Amino acid sequence: QVQLVESGGGLVQAGGSLRLSCAASGNIFSINTMGWYRQAPGKQRELVASITSGGRTNYRDSVKGRFTISRDNAKNTLYLQMNSLKPEDTAVYYCNVNVRLTTVVGVSYTYWGQGTQVTVSS
């Protein structure tokens with residue numbers, strides 16, 4: 001009932017920048033918290049950053065000052081601006097959204113994007 005389309009991943013040299021986008025569509029009544037997670041080979045998926053519907057943000061310590069999460073509520077789109085990238089940022093990045101549907105009252109659901117690869121070379 002909700003589709004998430006991610007874009008913006010790729011290969012970049014250390015110190016470079018990338019901007020990820022995640023567009024949500026479907027039977028969306030409202031979107032609560034949105035977030036970006038990442039998973040490197042052999043590691044658990046971890047939260048990178050999140051943003052509430054009111055704009056409050058949260059970042060993991062290793063990306064503070066380098067990454068900026070934002071959202072466009074009119075477009076139901078989530079962004080992650082990644083600057084000063086490091087090789088340890090290499091991972092598959094997933095968007096995660098918590099939404100209320102137009103078809104179900106009073107319940108929220110969590111959806112995941114398909115993932116986009118970010119590779120940072122040294």
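I shall go from the overall fold to the core.

This is a predicted model, in which local features need pLDDT of at least 70 and side-chain atom pairs count only at pLDDT 80 or more, while totals for chains, interfaces and linings use all residues. Residues are numbered from 1 along each chain as its sequence is written, and side-chain values use heavy atoms, with hydrogens and water left out.

The protein chain has zero helices and 11 strands; helices (H or I, at least four residues) and strands (E, at least two) are DSSP runs, numbered from the N terminus.

The C-alpha trace spans about 50 × 25 × 25 Å along its principal axes. Of the 122 residues, 41% count as buried, meaning under 20% relative accessible area with a 1.4 Å probe, protein chains only.

Let us turn to the interior. What is a nonpolar core? It is a set of buried Ala, Val, Leu, Ile, Met, Phe, Trp, Tyr and Cys residues joined through side-chain atoms within 4.5 Å. The largest one here holds 32 residues, of which Trp36, Leu80, Met82 and Tyr93 touch the most other members. Among the elements that give two or more residues to this core are strand S4 (28-39), strand S8 (77-82) and strand S9 (91-101). S9 gives the most, with six residues.

Finally, consider Leu80. Leaving aside residues up to four places away in sequence, Leu80 touches residues including Leu18, Leu20, Trp36, Val48, Phe67, Ile69 and Tyr93, where contact means heavy atoms within 4.5 Å.

Key. Buried < 20%, exposed > 50% of the residue type's maximum accessible area, 1.4 Å probe, protein only.
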